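Here is a short tour of a two-chain model, written for someone who likes to keep the coordinates open alongside the text. Have a look at the overall picture, then read on.

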Amino acid sequence: MPVYIDISRCIGCRSCEVACQRVHGGSGHINVHFVGDSASIPIFCHHCEEANCTVACFTGALHKEGERTAFDVDKCTGCGLCKLACPFGVVWTNKIAHKCDLCEGRDAPACVTTCPANALSTDFELASRRARSRAARAAAYGGRR
Amino acid sequence: MIKVDVGLCLGCLSCSNVCPSQNITRTETGEMRSIHWKRCKEECDLCVEFCPAKALTLVPFDETVPEPDVSFELVACKICGSRYATEPMLKRIESALPANMQKDSEGLEWIRVCPACRRNIEAERATKQMVLGRSRKSP
């Protein structure tokens with residue numbers, strides 16, 4: 001399952017970036033962006049259902065494996081078409097392509113287990129549960145939701 | 001020896017990446033990408049197999065044929081102006097993706113925007129949504 005972001009929780013510490021680099025031999029797939037002074041947000045692969053990168057890839061190196069957009073390094077020729085086909089700019093090429101693999105082989109993605117603010121999770125329901133509880137608090141006490 | 005159909009070549013560097021004997025060389029300056037195929041005697045066809053455009057074929061060795069060269073002017077990003085791809089590569093993406101995928105919700109033709117600017121746009125959009133949600137007062 002993909003990693004979901006609750007950006008209202010992101011504190012911009014870039015721990016996810018470092019964690020990603022740590023488990024991927026120095027080349028990470030997350031970029032934390034700072035938008036003015038109002039927010040920080042990690043940008044990484046959404047594992048799109050209909051993924052443009054898999055359409056552009058002519059060798060089948062990028063392909064869907066269930067919900068995951070998987071990458072077979074042995075098939076990559078480094079043509080860079082995937083990088084150009086990704087609307088979010090989250091496939092990189094450095095001779096060969098690299099992108100988020102959801103930390104295949106680990107119990108949970110390193111960015112999720114590392115994030116000290118609990119902004120990242122693999123649970124789609126979590127973000128909507130939080131939004132509902134914020135709305136409920138606002139209805140009970142007034143103010144923000 | 002490799003024969004190149006210059007009209008088909010995308011300038012993607014696949015061939016140069018897979019060549020085991022460094023017979024396909026690349027030079028990239030700020031604005032141009034050039035690829036040069038040396039006359040090779042190998043009986044290997046990795047470059048032919050891994051060309052996304054099927055632009056390469058193997059032909060018998062011939063010393064009199066000049067070594068092929070292709071140059072591409074790199075396309076500048078619509079937003080930041082940095083050079084990020086060759087025109088045939090972008091054209092290939094445009095022909096591979098359905099038309100409704102090629103503009104985002106705000107009508108931006110994102111294929112003509114470099115990956116770094118695409119990430120910035122995504123960050124700005126998500127922030128706008130978050131700030132909107134936070135500032136919305138309860139009824």
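Let us start with the overall dimensions of chain B. Its radius of gyration is 21 Å, whereas a compact globule of 139 residues would have one near 14 Å. The box filled by the C-alpha atoms of chain B, taken along the principal axes, is roughly 80 × 30 × 25 Å. Please keep in mind throughout that this is a predicted model.

The table puts the two chains side by side.

| Chain B | roughly 80 × 30 × 25 Å | 29% of 139 residues | 63% |

**Chain B and its sheet**

Chain B is built from four helices and six strands. Along the sequence, these elements follow the pattern β-α-β-β-α-β-β-β-α-α.

Four of the strands make an open sheet in the order S2-S3-S5-S6 of chain B, with antiparallel pairing. At its edges lie strand S2 (24–28) and strand S6 (83–86) of chain B, each of which pairs on one side only. On average, neighbouring strands of this sheet are turned by 30° against each other, direction ignored. Helix H3 (residues 87–96) of chain B packs on the sheet, where it touches strand S5 (69–76) and S6 of chain B. The direction of H3(B) makes about 70° with that of S6(B).

Going into the pairings, S2(B) is joined to strand S3 (residues 32–37) of chain B by five bridges, and the two run antiparallel. Here B:Arg26 stands opposite B:Ile35 in S3(B). B:Leu74 has B:Thr86 in S6(B) as its bridge partner. S5(B) and S6(B) form a hairpin with six residues between the strands, and B:Gly81 in that turn has a positive phi of about 85°.

**Chain A and a second hairpin**

Chain A contains five helices and eight strands. From the N terminus on, its elements run β-α-β-β-α-β-β-α-β-β-α-β-α.

S2(A) and S3(A) pair over five bridges in the antiparallel sense, and A:Phe34 has A:Ser40 in S3(A) as its bridge partner. Three residues lie between the strands of this hairpin, where A:Gly36 takes a positive phi near 50°.

**Where the chains meet**

H4(B) has 21 residues and reaches 30 Å from its first C-alpha to its last, close to the 30 Å expected at 1.5 Å a residue. Its buried residues are B:Pro115, B:Cys117, B:Arg118, B:Ile121, B:Glu122, B:Ala123 and B:Met130. What do the buried residues of H4(B) pack against? They pack against S2, S3 and H3 of chain A, together with S6 of chain B.

**An exposed loop residue**

To finish, please find B:Glu106, which sits in the loop between H3 and H4 of chain B. Is B:Glu106 buried or exposed? B:Glu106 is exposed, because 8 other C-beta atoms lie within 10 Å, and a residue counts as exposed with 12 or fewer. B:Glu106 is 74 residues from B:Met32 in sequence, and their C-alpha atoms are 31 Å apart in space.

Terms used
Residues are numbered from 1 along each chain as its sequence is written. Chains are lettered from A and ligands numbered from 1 in the order in which they are written. This is a predicted model: local features need pLDDT of at least 70, side-chain atom pairs count only at pLDDT 80 or more; totals for chains, interfaces and linings use all residues. Two strands pair if DSSP finds at least two bridges between them. Axes are lines fitted to C-alpha atoms, for helices over the stretch in contact, and angles run from 0 to 180 degrees between N-to-C directions. Two residues are in contact if their C-beta atoms, placed from the backbone, lie within 7 Å. The radius of gyration is taken over C-alpha atoms; the globule rule is 2.2 Å times the number of residues to the power 0.38. A residue is buried if 20 or more other C-beta atoms lie within 10 Å of its own, exposed if 12 or fewer, and partly exposed in between; C-beta atoms are placed from the backbone. The expected span of a helix is 1.5 Å times one less than its number of residues.
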